[in-house]
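Please read the points beside the sequence and the model.

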Amino acid sequence: MTRIAAEDYLDALAAHGIEHLFVNPGTDFPPIVEAFSRAARTNRKVPRPMVVPHEGVAVAMAHGYTAVTGRPQAVMLHTNVGTANAINMLINASRDRVPMLLTSGRTPYTESGAEGSRSFHIQWAQEMFDQAGMLRELVKWDYEMRRGDQAASAVDRAMEIASASPQGPVYLSLPREVLSESVPAPAGQGLDRRAGPRPPVANTADIDTLADWIAEARNPLVITGLVGKDPRESVVLTRLAERYALPIIPYHTRYFALSADHPMFQGSAPGSMLEDADLVIVMETDVPWLPSKQSPPSSARIVQIGEDPLHARLPMRSFPADITIVASCLSVLEGLETALNGRSAPHVAERDASLRARSQRLHEGWDREAAQAGKAETITLPWLNRCLREIIDADTKVISEYSFRQEYCPLNTPGSLFAVSSAGGLGWGLPASLGVKLASPGSLVLSVLGDGAYMFANPTACHYVSQMQNLPVLTIIFNNGLYGAVRHATLDMYGHGLAAEADGRLLADLPAPAFEKIVSAHNGYGERVDKPADLPAALQRAAAAVRAGTQALVNVVCGTAN
């Protein structure tokens, strides 16, 4: 058989170490199907195709897989309609700088006369003037493949851009005629010589200045966001925090930065510490505080650190900086370890004692709050998180879509926490947990979601993939029967307005169905709990089911005030 361009395409993906091609196929896929069939006949190494019955689920699965492994994966969707369905999850991947090759077919150019010309009614209406235009703002690079013999080069270019700092998704459109073009047999030379640039490192002068400022500071504060994406960052940050008494605030963190058991963990929001700080170190954080609510003192020194510390893709961001360091957080943290060694830091001992005392008070308060919640009439977030402690071990991976709090359930393993992006594209948590499970099959994978986030996740598609691909995960729904973010935003703006008379519930009420029955339809274990005393045993039963190889869901009915 004459070799077709789709074979070159799959071979190029494999050459770049892509293990999975998450697909939601359509009428543009016949050359891909043929290429996979030929690869199976010849036993060539190509990515494993994984059929996912919703596009958003496919993108979030790739996101979760890469979050664990650090290796970009590929997704292929159906023309414009499939691409449109994936954009919400693409926003999350873009804002969290997740490298990913997103591709989709393009409706055929030709109406007749070519291999792959239009043969279905929908292919006229699915053509767009600029298919990539709907997502161009969210990707680092986009391209439409023009020739069949260009497949390997197009993948090479896509992957080098996606993997370069700052990382992010890229988009490649694949017309059906181009994928079906005849191409010469490969010469066997492998990848082009394209050594990508290393992540940026801070210059010595900036590291020395920052080390001086840390040594001099009475009340430093470190605020993190994406720190922990590389688990090595968490390890070095923990050492620095311990040695130099640096209070750490993982603020809207998307990864594990520091264990809540560590005395330098000072909660998940800056609070009063920001108002007292004389040095604020912002590490990979797009929004380190809310200027409409609070700000550091005007006399405080501000340091912004990250591979893109200006967050250039955010249209407006106006946080101050006395030093802006373009560098990976790992390189900065390692540089600081060296630079601080031997420096006199006269305030460390006093600050260490103060922060340890503050940490003890915080933990006593969190413990008291959780204990009281366990005696209440309804289940609350502190009690749910406290009960999770009994099923989580060192190998557990937690995926959080707004509901997980380390204050009540400390984690201790770098790489154990993954949370929804700062853009908050809902529906990410459950499919991301499937990608995490695919990447770490020996771990208990736990997704903690709100009821709205669960419904946004296209749960039928998620439970289907869990069943068909043998990816058992434990889903816990914090079900308060409302859009909590909508209610809180309304009360924040109009706490004394007419909307407050209805407790801000207009447009926020979300009466929930029996979610536990949805997972049962996919041979999973489902359970509903509405009393605090019944929750620990229910979680144990569900965790046991997952560890035995069955997906499970616990519908935790909570007080609507949560």
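1. Disulfides. A disulfide is taken here as a pair of cysteine sulfur atoms within 2.5 Å, and by this rule the count is zero. The sulfur of Cys 387 lies 9.7 Å from the closest cysteine sulfur, that of Cys 409, which is too far for a bond. Cys 409 is likewise in no disulfide. Cys 387 is buried, with a relative accessible area of 5%, and Cys 409 is buried at 1%. Buried means under 20% relative accessible area, exposed over 50%, and partly exposed in between, with a 1.4 Å probe and protein chains only.

2. Basis of the values. The model is predicted: local features need pLDDT of at least 70 and side-chain atom pairs count only at pLDDT 80 or more, while totals for chains, interfaces and linings use all residues. Residues are numbered from 1 along each chain as its sequence is written, and side-chain values use heavy atoms, with hydrogens and water left out.

3. Helix α1. Helices (H or I, at least four residues) and strands (E, at least two) are DSSP runs numbered from the N terminus. Helix α1 spans residues 5–15 and is mostly covered, since nine of its 11 residues are buried. Among them are Ala 5, Tyr 9, Leu 10 and Leu 13, and also the acidic residues Glu 7 and Asp 8. Just after α1, Gly 17 takes a positive phi of about 80 degrees.

4. Helices α9 and α11. The axes of α9 (residues 231–244) and α11 (residues 329–340) come within 9 Å and cross at roughly 30 degrees. This makes α9 roughly parallel to α11, because angles under 35 degrees count as roughly parallel, over 145 as roughly antiparallel, 65 to 115 as roughly perpendicular and the rest as oblique. Axes are lines fitted to C-alpha atoms, for helices over the stretch in contact, and angles run from 0 to 180 degrees between N-to-C directions. Residues of α9 including Val 236, Leu 237 and Leu 240 meet residues of α11 including Leu 333, Leu 336 and Leu 340; contact means heavy atoms within 4.5 Å.

5. Phe 265. Where is Phe 265 found? Phe 265 sits in the loop between β8 (248–250) and α10 (271–276), and at 1% relative accessibility Phe 265 counts as buried. Not counting residues up to four places away in sequence, Phe 265 touches several residues, including Ile 248, Pro 250, Leu 258, Trp 366 and Glu 407. The C-alpha atoms of Phe 265 and Gly 82, 183 residues apart along the chain, are separated by 43 Å.
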